[in-house]
Amino acid sequence: MDINRCFEVEKAFQYITTMRPFLNKKALFADTTEEYVIPMQPKIGEDIRIRFRTAKNNVDMVCLHYSDKVIPMKKVEADHLFDFYECVVENVTEPLSYYYEIKAGKVHCFYNRKGITREVQEYCNFRVIPGFETPDWAKGAVMYQIYVDRFCNGDPSNDVETREYFYLNDYSVKVEDWYKYPAQMGVREFYGGDLQGVLDKMDYLEDLGIEVIYFNPLFVSPSNHKYDIQDYDNIDPHIGRIVEDNDEILQGDCRENRYAGKYIKRVASKANLDASNALFAKVVEEAHRRGIRVILDGVFNHCGSFNKWLDKERIYENQEGYEKGAYVQADSKYRSFFRFHRDQWPYNGSYDGWWGHDTLPKLNYEESEQLYEYILGIGKKWVSPPYNADGWRLDVAADLGHSPEFNHCFWKDFRKAVKEANPQAIILAEHYGPAKDWLNGEEWDTVMNYDAFMEPVTWFLTGMQKHSDDYREDLYGNADSFWGAMAHHEMNFTTPSLQVAMNELSNHDHSRFLTRTNHKVGRMHTLGSNVAEEGVNKAVLREAVTIQMTWPGAPTIYYGDEAGLCGFTDPDNRRTYPWGREDHALIDFHKEIIKIHKQNKVLKTGSLLRLGSDYQFLAYARFDRTDRMVVVINNRTGEITKELSVWEAGIEDGMCLERVFLSYEDGFTTQPHSYEVKGGMARIQLSSHSALILKAVRKKESEQELS
């Protein structure tokens, strides 16, 4: 480009940003973060200040539209690049849905959550819900999911023994080799991980930089996954403490658990249950001492066939201190907890099972006020002293009850109960698909973010479906599809929900992200567990983690991902943490990028703006009025150079972009490097499979840092 052409480009840039009637559409911006909605979490009846950004001296009019009202907005502030318009909506008592109207000369357009549009669509409006607050501690908090049996064995004396009981057509198994791959039907396999192991590794968790532990279920249950709860009132002594025991395991061909004396003693002894509950309280206390919160897994749609209220296994039938179960006798106080189809007591097996599984009895809330109140009590119990957990993750939360109307009624009451007991507790649901109907300020705080995080990131970086069941060449590296999916699904959230959404790359239900990088379609029973480790690309995992740590929401690490753990969909994704075989370079990478996430508030609560996209390429900014950061992802095999427009994020001439983090094919670096901003642009070079985090600083500040 010759010098005359350079002059023309610079002159055009200045003209677009300062003159009318040519509307500078790239400068238009608003969202519902604390910079544009004040207060971001208004109380019912509070006035709300709403703002909008335009290019400096560029528009004739900005109006706010809500309900049937139109409010002209006034210019209240300006900087070198932008004007800021504002209006006040008074006494907001109901959810506020709104959009903007902009005029500049003959140009006339609207602005909603999709950006600039010529059509008004209610679904795309901005939304603010007065009275809806999510805990500030959870906004952008770094979470760590622990599947307890597979994390660390700190107390071998509580290990489940082989033949301790019978479940799902076979006996329980104590696994002696910590590094053995899980079996295909491995729900009865136990590796011995426990809460003492978590206590033993608290230094590791703190050093990693995590802020929240999310535990898979901890309550008494016969499986290693524990989504078949046996006793909601107590932590399982097999992961807690056993102070009373016996040696009576099942012998010969015996399959009746009423003869499983060792198991019965362990799970029914009040001394064991009290000791285990006390250990959990100690875990929470120790975590809190280190500034780490704790979230429990609540499985309230169904329980397990071993459950003391049903007692299909007749474990509690003759135990002192326990009422007869609903399976055992017709006049059980728990009969209404389940829906029976035949009158055939004693030992009535005609109850509803979730998805037809008789090992997962569906709880019958509609016909049992006692059950309804009991579970509300459980919700309160574990977030209150002496346990003081910091919230609940709710398993299959949309399935609870027998109708959508009842489901919503229950979760409204659950929220009230939990928030009254602990106002700072979070309520986070497992849900696939749109969750807007529950994220209304009266039910859930947020969800496990499959639709607006795990899936778009996975498709873009690997082309793989989250179970490794499919490979889509058309979605691999497709930036337009990535941005489209993110924008579409984020419309189900308000900002308070989005900022606390659980952003995972892997978890106990899906293949490990690192395994998806090998593009192998299948599962352990079709390919073999060893194939999950073949041809993986750790550089792509580092790209994914970079997005995770710089995207709105709570970045959630599935235990072992940070150490290089692989695995197909469950049960292969439930391998043990590889103590002694960790990838220390990958752990160091996680420590550094977590530190950057925690040190920069803008990465937790700032606005997000798309800066650029191309095949296998993403660029976006996180910014507020104080800080501006840019993230660039190159998922190609091969180097790229991009002229990146950054002025839209408030990064102007006189600033430069300082590199704070770079991941590349062979590792990562935090060594500084400076990129000059000229004409609102920055020239960025990236090598194969790399991820770059930049921070805007004034040139003088940059020169001082480099000197």
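Colleague: Helix H8 (residues 450-462) and H9 pack at an angle of about 175°, their axes lying 9 Å apart. Why is H8 called roughly antiparallel to H9?

Modeller: The angle between H8 and H9 is about 175°, and angles over 145 degrees count as roughly antiparallel, so H8 is placed in that class relative to H9. Angles run from 0 to 180 degrees between N-to-C directions, and axes are lines fitted to C-alpha atoms over the stretch in contact. Helices are DSSP runs (H or I, at least four residues) and strands are too (E, at least two). The model is predicted: local features need pLDDT of at least 70, side-chain atom pairs count only at pLDDT 80 or more, and totals for chains, interfaces and linings use all residues. Residues are numbered from 1 along each chain, and side-chain values use heavy atoms, without hydrogens and water.

Colleague: Which residues of H8 and H9 meet?

Modeller: Asp-451, Ala-452, Phe-453, Pro-456, Val-457 and Phe-460 in H8 meet Ala-479, Phe-482, Ala-485, Met-486, His-489 and Glu-490 in H9, contact being heavy atoms within 4.5 Å. By class, this contact of H8 with H9 has 9 nonpolar, 1 polar and 2 charged residues. Here Asp, Glu, Lys and Arg are charged, Ala, Val, Leu, Ile, Met, Phe, Trp, Tyr, Cys and Pro nonpolar, and the others polar.

Colleague: Which elements give two or more residues to the lining of the largest pocket?

Modeller: Among them are helix H9 (479-490), helix H10 (495-498) and strand S25 (607-614). The largest pocket is lined by 37 residues, with Phe-29, Arg-113, Leu-608, Leu-609 and Arg-610 nearest its centre. Lining residues have an atom within 4 Å of a point on a 1 Å grid; a pocket is an open set of points where a 1.4 Å probe fits, with protein on both sides within 12 Å along at least five of seven lines. The lining divides into 17 nonpolar, 10 polar and 10 charged residues.

Terms used
Parallel < 35°, antiparallel > 145°, perpendicular 65-115°, else oblique.
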